[in-house]
Amino acid sequence: VLFICTANVTDTIPGPLQDRMEVIQVSGYVEEEKKAIAKQYLIPVARNASGVKEENLDFTDESLSALIKQYCRESGVRSLQKHVEKVFRKAALKIVLGATESLEITSENLNEFVGKPKFLSDRLYDATPVGVVMGLAWTAMGG
């Protein structure tokens, strides 16, 4: 018998059980992997759910990259899925209301569909001033 479990945090697993488990740590996806998942799975599912045909909505690669970099920085793709679905819902509404027949989602008009970017840059300062910490550590025991 083989049991496979997933967890975001292993701190809540009792020690005796964790001793009998083989823990495999899997890191998150990089941008290229997220983009491939979005193209192959998230966009077709959202397109089907919203009823928007392929010729009515074009999701460009640059807009997908902007969506990943500026809105969805978590290691998984849950947030990316929610944002892609939001784009398709708003596009479907525009098409149904007759505002347009077809749309092209670009990095310039992306904010019309998902709002202002949550992340603007990787770095806050070009040159780090004295006394500014650029990292943060946390442990279950504190400190």
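**Entry 1: the largest pocket**

I began with the largest pocket, which 27 residues line; Cys 5, Thr 6, Ala 7, Ile 24 and Val 26 are the ones nearest its centre. I keep in mind that this is a predicted model. The space in that pocket comes to about 1,100 Å³. I then sorted its lining by class and got 15 nonpolar, nine polar and three charged residues.

**Entry 2: the nonpolar core**

Next I looked up the largest nonpolar core, which has 25 residues. Which members touch the most others? I found Phe 59, Leu 67, Leu 80, Phe 88 and Leu 110. I listed the elements that give this core two or more residues: helix 2 (31–50), strand 1, helix 3, helix 4, strand 2 (103–105) and helix 5 (111–114). Helix 4 supplies the largest share, six residues. My reminder to myself is that nonpolar side chains in soluble globular proteins tend to be buried together.

**Entry 3: the aromatic pair**

I searched the whole structure for aromatic pairs and came back with one. Is it stacked or edge-to-face? The ring centres of Phe 59 and Phe 88 are 6.2 Å apart and the planes meet at 25°, under the 30 degrees that stacking asks for, so I noted the pair as stacked. I was pleased to see that it links distant parts of the chain: Phe 59 sits in strand 1 (residues 57–59) and Phe 88 in helix 4 (residues 78–96), 29 residues apart. Both Phe 59 and Phe 88 are buried. Leaving out residues up to four places away in sequence, I have Phe 59 touching Ile 43, Leu 64, Leu 67, Val 87, Phe 88 and Ile 105.

**Entry 4: Leu 67 and helix 3**

Leu 67 was on my core list, and I placed it in helix 3 (residues 61–70). Buried or exposed? Leu 67 has 0% relative accessibility, so I count it as buried. With residues up to four places away in sequence again set aside, its contacts are Phe 59, Cys 72, Leu 80, His 83, Val 84, Leu 110 and Val 114. I also checked Leu 67 against Arg 89, 22 residues apart along the chain, and their C-alpha atoms are separated by 16 Å.

I finished with the rest of that helix. In helix 3 I find Ser 63, Leu 64, Ser 65, Ala 66, Leu 67 and Ile 68 buried. What do the buried residues of helix 3 pack against? My list reads helix 2, strand 1, helix 4, strand 2 and helix 5.

Definitions and conventions. Residues are numbered from 1 along each chain as its sequence is written. This is a predicted model: local features need pLDDT of at least 70, side-chain atom pairs count only at pLDDT 80 or more; totals for chains, interfaces and linings use all residues. Side-chain values use heavy atoms; hydrogens and water are left out. Rings of Phe, Tyr and Trp (its six-membered ring) pair if their centres lie within 6.5 Å; planes under 30 degrees apart count as stacked, over 60 as edge-to-face and the rest as tilted. Helices (H or I, at least four residues) and strands (E, at least two) are DSSP runs, numbered from the N terminus. Buried means under 20% relative accessible area, exposed over 50%, partly exposed in between (1.4 Å probe, protein chains only). Contact means heavy atoms within 4.5 Å. On a 1 Å grid over the protein atoms alone, a cavity is a set of points where a 1.4 Å probe fits but cannot get out, and a pocket is an open set with protein on both sides within 12 Å along at least five of seven lines; lining residues have an atom within 4 Å of a point. Grid points are joined across faces, edges and corners, and a volume is the space filled by probe spheres set on the points. Ala, Val, Leu, Ile, Met, Phe, Trp, Tyr, Cys and Pro count as nonpolar, Asp, Glu, Lys and Arg as charged, and the others, Gly among them, as polar. A nonpolar core is a set of buried Ala, Val, Leu, Ile, Met, Phe, Trp, Tyr and Cys residues joined through side-chain atoms within 4.5 Å.
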